[in-house]
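Reader: Let's walk through this one together. Keep it quick, please.

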Amino acid sequence: MQIHTKAVHAGDRKKPGPATPVTTPIHTATSYFYDSMEQLDRIFAHEEQGYCYSRYDNPSNAALEELTASLENGHGALACASGMAAIHTAILAALNDRRKSIVAASATYGATVSILMNVLEPGGVAVRFADICNLDELRAAVAEAKPGCILMETISNPLLRVGEIDKIAEIARAAGAALIVDNTFATPMIARPLELGAHFSVHSATKYLGGHGDVLGGVIVTDREHYDNLRTLARAIGPVLGPFESYLTMRGIKTFPLRMERHCANACRVAQWLSGHPKVERVHFTGDAAHPDAAAIRRLFPPNLYGAMVSFEIQGAARAEIFRFMDALKLIVPATSLGDVHSMMLYPVMSSHREISPKHRERMGIRDNLVRLSVGIEAAEDIIADLEQALGK
Ligand SMILES: *Cc1c(COP(=O)(O)O)cnc(C)c1O
């Protein structure tokens, strides 16, 4: 079945009684009882399928989990309260019976770096960073660190670099490590990490999957080998999504493939227009033929879907000019987050990369004149007109 069909059918229309609801209800009950204590006992013992307590599972989350597992062709999924809860839980599950050591991509989401440095490392997990776009460097880091897991993003933030998931998965498997891929920026329309050999694909569902800026959530999709262990862990630590958020996320996913096609088409037009603007020094975009990872993108991404994040550098601009430019925007929302139906712009130096020293930022290639645009589904001409008037000031 194609992804557009799965997005509107998978997980829905379970038969709870004589009639079937066309969409999954919001099940708010925290616990369940049965005709007999004998039956409840069998459910607790996993001898019979059924719900008993909402931290373990509930029908609203089960529907979203079936849907997201289907979108990425995984064995099963776990719906979490946020993208960060998903990343943390996936790391704990991956390291459960492996060496307490992680090799992480040097370009990752700020809060992910924070989990690694401020939560896991003080807890005794060894953390090492490597450039995952340089496979020789990655191999050397893996040989030295002997990690229990490798952690990467399909498309990195904010410079939009793309590592070769399939080759990195081979390196992970050869080292006995699990590969966790944060697939938030790419979405299952562009990449399905489990098909490329990853063990866990995690999402901030707050972004493209939810898509409307009104729900915080996360998802972990995993394979048969890790699924039971992941659920057992989640039962104990309780990172679960609420049923109302589950409903909103599922509602968002039904139109996600359509939105993503539009997001991506708009991003191509906006990136091309920016490249020709005299005040724009450099555009970072996965659809650019001159992108440093163009060969990997051609090999791994579908034709014409490159993602919808565009970062660009404004000629000679420092903090004051960037503030003036972003204050002048009338349509594009100058807010944190990404992947909503409306276009949004963020200044990495002020927000996501604020805590990193200017020298380290410079080494990462994140300059003071860089902004990150999440291209929405508005008419491309209107997004371009807004950029044009704001750049002109
Ligand atoms: C937003 C984001 C996260 C964190 O997700 P939350 O839902 O905010 O917890 C993790 N990774 C990436 C790539 C993100 O964009």
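Author: The areas come from the Shrake-Rupley method, and for residues only the protein chains shown count as cover. This is a predicted model, where local features need pLDDT of at least 70, side-chain atom pairs count only at pLDDT 80 or more, and totals for chains, interfaces and linings use all residues. Residues are numbered from 1 along each chain as its sequence is written, and side-chain values use heavy atoms, with hydrogens and water left out.

Reader: Fine. Is Tyr-56 buried or exposed?

Author: Tyr-56 counts as buried, at 19% relative accessibility. Tyr-53 is partly exposed at 37%.

Reader: How far apart are the ring centres of Tyr-53 and Tyr-56?

Author: The centres are 5.8 Å apart and the planes sit at 80°, so the pair is edge-to-face. For the rule: rings of Phe, Tyr and Trp (its six-membered ring) pair if their centres lie within 6.5 Å; planes under 30 degrees apart are stacked, over 60 edge-to-face, and the rest tilted.

Reader: How many aromatic pairs in the whole structure?

Author: Six. One of them is Phe-285 with Tyr-306: centres 6.5 Å apart, planes at 75°, so again edge-to-face.

Reader: Where do Phe-285 and Tyr-306 sit?

Author: They link distant parts of the chain, 21 residues apart. Phe-285 is in the loop between strand S8 (280-284) and helix H12 (294-300), and Tyr-306 is in the loop between H12 and strand S9 (309-314). Helices (H or I, at least four residues) and strands (E, at least two) are DSSP runs, numbered from the N terminus. Phe-285 is buried at 4% relative accessibility, whereas Tyr-306 is partly exposed at 22%.

Reader: Switching to the ligand. Which residues come nearest?

Author: Gly-83, Asp-182, Ser-204, Thr-206 and Lys-207, out of 14 residues around the ligand. A residue is near a molecule or strand if one of its heavy atoms lies within 4 Å of it.

Reader: What is the make-up of that shell?

Author: Six nonpolar, six polar and two charged residues. Here Ala, Val, Leu, Ile, Met, Phe, Trp, Tyr, Cys and Pro count as nonpolar, Asp, Glu, Lys and Arg as charged, and the others, Gly among them, as polar.

Reader: Which element gives the largest share of the shell?

Author: Helix H4 (residues 83-95), with three residues.

Reader: And which distances separate polar side-chain atoms from ligand oxygens? Start with Ser-204.

Author: A polar side-chain atom of Ser-204 is 2.8 Å from a ligand oxygen. For Thr-206, a side-chain N or O atom is 2.7 Å from an oxygen of the ligand. Lys-207 has a side-chain N or O atom 2.8 Å from a ligand oxygen. Taken alone, the ligand exposes 380 Å², and the protein buries 93% of that.

Reader: What about strand S6? Where is Ser-201?

Author: Ser-201 lies in strand S6 (residues 200-204). Ser-201 is buried, at 0% relative accessibility. The side chains of Ser-201 and Glu-72 are joined by a polar contact of 2.6 Å. A polar contact is a pair of N or O atoms within 3.5 Å; within protein, one must be able to donate a hydrogen and the other to accept it, and residues adjacent in sequence count only if both atoms are side-chain atoms.

Reader: And Val-202, buried or exposed?

Author: Buried, with Val-202 at 1% relative accessibility. Val-202 is also in strand S6.

Reader: How many disulfides?

Author: Zero in the whole structure. The cut-off is a pair of cysteine sulfur atoms within 2.5 Å. For Cys-52, the nearest cysteine sulfur is that of Cys-80, 18 Å away. For Cys-264, the nearest is that of Cys-268, at 7.2 Å. Cys-52 is buried at 6% relative accessibility, and Cys-264 is buried at 0%.

Reader: Backbone now. Which peptide bond is cis?

Author: The one from Asn-157 to Pro-158, with omega near 0°. Pro-158 is in the loop between strand S4 (149-153) and helix H7 (165-174).

Reader: What is the phi of Lys-146?

Author: Positive, about 40°, although Lys-146 is not a glycine. Lys-146 sits in the loop between helix H6 (135-145) and S4, and is partly exposed at 47%.

Key:
Accessible areas come from the Shrake-Rupley method with a 1.4 Å probe; for residues, only the protein chains shown count as cover. Buried means under 20% relative accessible area, exposed over 50%, partly exposed in between (1.4 Å probe, protein chains only).
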